[in-house]
Amino acid sequence: MNTLPSGARRVNWVRLTRLAGYGAAVGAIALYAVWPWLPGGRGSQPRTIVLYGFSILGEVMNEGVLPAFQAGWQERHGERVEFATSFAGSGTITNQMILGVPADLAILSLELDALRLAEAGVLAGPTWSELPHAGVLNRTPFIILVRPGNPKAIHDFADLARPGIGVVHPDPLTSGGAQWAILAEYGSALRRTGDPEQAYQQLLGIWRNVVAQSASARGARTQFESGFGDALITYEQEAIYDLARGRLEAGIVYPASTILSEHIVVAVDRNIQSDEEQLIQAFIEFLWGDPAQQVFVAHGFRSVTESLNSANPAFGVIDDLFTVADLGGWPQAKREIIDRLWQGQVLEEIGR
Amino acid sequence: MSTSAKPAASGSSAALPVSVLLLALLPLLLMPLAAVFVFAGRGGLSTFVTALGRPEAQFAMRFSILIAGAATLVNVVLGTFTAYVLSKFQFTGRQALTVVVNLPVAIPTVVVGTSLLLLWGPIGLLGRTLDPLGVQPMFAPAGVLLAHLFVTFPYMLGAVKPVLDELEQTYEEAAYTIGASRWQTFRFVILPALQGGLFSGALLTFAHSLGEFGATVLVSGNLRLRTQTAPLYIFAQFEAGNIENANAVAATLAAFSFVLFFILLRVTARKSRLQG
C-alpha cells in the first residue's frame, strides 16, 4: 500500500522506461487519431453535400456518380466538394430524416417514403414532383435469385409459394425493396389471373415460406449469400451488377410479370443553406444528365432516359412489366395491398 | 481483477482441466476470433492494406479513438468523483443513486440511443427548444460522445469504488490530524491507492467505447466521414457484402483490444504482486 511520499526517492529507471514506453504508445495513437485535423494539413474547408440513400445505391454513388460530379465541379469552379453519405434501408433513412438527420438530399426506394416525409413536415409538400421525371432517378425490375443450377426449379413467383421453398425477404417495416417485392408478389398474380383471391393466395403462400428477414434489401442479399433459403426476391440491379463483376453465386430467374421499381430523389429545403443552393441545384441537374445516367446503366439500373438502356446487354426481357401506377399509385397500393392484405391478413394468418 | 500469480497446481495435474477449458472455449471464443483474422487475411496482405487504407476506414478508426479518448477523460474524472461521493459520504438516497449510476450496464444500448434522441433530437424534450437556436448535438460527434459517456459511465465507478470502500478510514484520519486539507488528503492518500483502479477503469471505459454500437448507430446518423465510428463502419461494410473491408477494420480493432487488455492484465498483476 502506498503511503505519503517520502522526501528522498531513488530514481527507478525500469519504472521510468516503462512509463516512457506507455507514454510514447499513447502519444502515437493520439497523434494518429488527430492527424487529419492538425493545422496546415489541408487547404480550405471543402463544401459538403449530405446525401442519404437507400441500400443498393451505395456503390454506384460512392464509386461512380459522386466522384464524377466532384471532378467536374473541381474543373469548372476550382473548388472541392465533399459528400457525407449514409446508405441504409429506405424506411430506415426516412425514419432518421423524420428524427432530424441533416440530409440535404435523399434517394428513396419508393415514393411512399417521400410521402411520409411530406406528412411529417420534413418536406414542404410533394416537392419531388417538380424535379426532372417527377423525381424518379432510375428504375429496376424485381426478379428472383435462386441457388446455382436452380435445384428447386423455381421459374416464377408462383413457385415461391410451393411448400418446402425457403424465401429470404427484407423487412417491409424498414426496407423499401420489401414493399416493392410485396407488390410484385401480389401484382404479378393479379395481372395473370385477374382474380384478387388468387393473388392473395400467392402472397400468402410466399410469406408462409419466408425463413429470414433483414432490415434492408442489401442485408437480405447478404443473408441469402451466407446460405439462408432457396430464393431471394430482389432488384435486378443487384443481380446483374454482381454478375458483371463475376461475383454472382446464384441464378437469375425473370418472372413473366413483375414490377418496375422507381426510385425517388428528394431535396430537403429546410436543411439546405442559401450559400449551398447553387451547388445542390447543379448536383440535381447532374443526376439526370446523360453522364450520371450512363453510370447508373453501367451499374445495372435502368435509366429514365430510355435510349441509354441499350448500353447494358445484361438487362433481361420481361413480358409484362408493370409499375405502381398500374396498381392505382402508391397511396392506394399501400392501403389496399400492404396494410390491408399483407399486414392485416397475411401476417395474421401465418401468426407473426 | 486478480490473476494467477501463484498457480495452485502445476505440471501434469493442470493438463486435464486446461484442455477441457480450451475445448469448451474453442467454438465459443477462439474460433470466432480466428474467423475474423482468417477472412481479413484471405485476400492477401495487399487487399488487407488497401481495405484498411480506405479514407472511410481511416476516418472511422480515428473517430473511434478520439471519441473513446474523450469519453475516457470525462468518465475518469466524473466516475472517480461519483465513486468518492458515494463511498465517503452518508446521505439519504445514496442507495438509490448507487443503483441509478450503475444502470447503464443493464439498459440495452439501443434504448440508450432512443432515449438520447427523444431528449436531444429535433423532436425531443430539450431538442425541441434547442433546435431552433441552432444547437443540435444529435447526428453529430457531440451526440456520439453523449451516448458513449452514458454507456461507459459505470466502468470507472466499478473499478474505483471497491478500492475506496476498502481504504481504511485511519489513513485519512491520520492525514487530517497532521493538518492535511481535504484536497491534500485526496491527492496524497487516496489517489495513490487508487492508481490501479483508475488505470483499469480507464482502459475498460476506452475499450467499451471503442466497441460501442447499439446507441451510436441511432444517435450518429451513421454518416460516412462525419460520424461513422469503426463498429458502424464494420457493420455497414458487412451489410453491403464487402467482407474484406469489414474484416480488415474488425481484425485491427480486435488486435488493438487484445493489446489493451494484455496491458491491463500485466499492470493489475504487478499491482497485486506489489500489494499482496
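## Helix α2 of chain A

The bend at a residue is the angle between two axes, one fitted to the seven residues ending there and one to the seven starting there. By this criterion, α2(A) in this predicted model bends by about 35 degrees at A:Leu66. A proline, A:Pro67, follows within four residues.

The helix comprises the 20 residues 58-77 of chain A, which at 1.5 Å a residue should span 28 Å; the end C-alpha atoms are 26 Å apart, in agreement with that expectation. After α2(A) comes A:Gly78, with a positive phi near 60 degrees.

## Burial of the helix

## The nonpolar core

The largest nonpolar core contains 149 residues, and A:Ala106, A:Val266 and B:Val249 have the most contacts inside it. Helix α7 (residues 141-166) of chain B supplies the largest share, twelve residues. Within chain A, domain 1 (47-138 + 263-303) and domain 2 (140-261 + 316-350) both contribute residues, so the core lies between them.

Beyond residues up to four places away in sequence, A:Val266 touches A:Ala106, A:Leu108, A:Ala114, A:Leu117, A:Leu123, A:Thr127, A:Trp128 and A:Gly135.

## Chain A overall

Chain A has twelve helices and eleven strands, and its C-alpha trace spans about 95 × 55 × 40 Å along the principal axes. Of its 352 residues, 43% count as buried. Among contacts in chain A between residues at least 6 apart in sequence, 77% join residues at least 24 apart.

Technical notes. Residues are numbered from 1 along each chain as its sequence is written. Chains are lettered from A and ligands numbered from 1 in the order in which they are written. This is a predicted model: local features need pLDDT of at least 70, side-chain atom pairs count only at pLDDT 80 or more; totals for chains, interfaces and linings use all residues. A nonpolar core is a set of buried Ala, Val, Leu, Ile, Met, Phe, Trp, Tyr and Cys residues joined through C-beta atoms within 7 Å. A residue is buried if 20 or more other C-beta atoms lie within 10 Å of its own, exposed if 12 or fewer, and partly exposed in between; C-beta atoms are placed from the backbone. Helices (H or I, at least four residues) and strands (E, at least two) are DSSP runs, numbered from the N terminus. Domain bounds come from an automatic or database domain assignment. Two residues are in contact if their C-beta atoms, placed from the backbone, lie within 7 Å. The expected span of a helix is 1.5 Å times one less than its number of residues.
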